[in-house]
Amino acid sequence: MKEVEYTIIIHPDETGGFWTEVPALPGCGSQGESMEEAVAMTKDAIECYLASLKKHGEPIPEERDIVLKVSVAA
């Protein structure tokens, strides 16, 4: 089985915990009480997303995003 990598963006939730999004897979993301739980849940969500694409004969998207942090004076 081929492995693919996707960028996960992790956001702190205002009410506690974290929520995530996967830019390359629109609508895919999850949440968790800890960052580790949110990442684990997001991995599960990605696997389900990809399984659904396969089931419907759709292509598996490749990661095309470039994530870069920059520093600027504030």
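Predicted model: local features only at pLDDT ≥ 70, side-chain atom pairs only at ≥ 80, totals over all residues.
Residues are numbered from 1 along each chain as its sequence is written, and side-chain values use heavy atoms, with hydrogens and water left out.

The protein has 3 strands and 1 helix, in the order β-β-β-α from the N terminus. Both kinds of element are DSSP runs numbered from the N terminus: helices are H or I with at least four residues, strands are E with at least two.

Along the principal axes, the C-alpha atoms fill a box of roughly 50 × 30 × 20 Å. The radius of gyration is 14 Å, whereas a compact globule of 74 residues would have a value near 11 Å; the radius is taken over C-alpha atoms, and the globule rule is 2.2 Å times the number of residues to the power 0.38.

Of the 74 residues, 20% count as buried, that is, under 20% relative accessible area with a 1.4 Å probe, protein chains only. The protein exposes about 6100 Å², of which carbon and sulfur atoms supply 54%; these areas come from the Shrake-Rupley method with a 1.4 Å probe. Among contacts (heavy atoms within 4.5 Å) between residues at least 6 apart in sequence, 27% join residues at least 24 apart.

Thr-42 is found in helix H1, which covers residues 35–55. Thr-42 counts as buried because its relative accessibility is 0%. Leaving aside residues up to four places away in sequence, Thr-42 touches Ile-8, Thr-20, Val-22 and Ser-30. With Thr-20 there is also a polar contact between the two side chains, at 2.5 Å. A polar contact is a pair of N or O atoms within 3.5 Å; within protein, one must be able to donate a hydrogen and the other to accept it, and residues adjacent in sequence count only if both atoms are side-chain atoms. The C-alpha atoms of Thr-42 and Leu-53, 11 residues apart along the chain, are separated by 16 Å.

Methods: Buried < 20%, exposed > 50% of the residue type's maximum accessible area, 1.4 Å probe, protein only.
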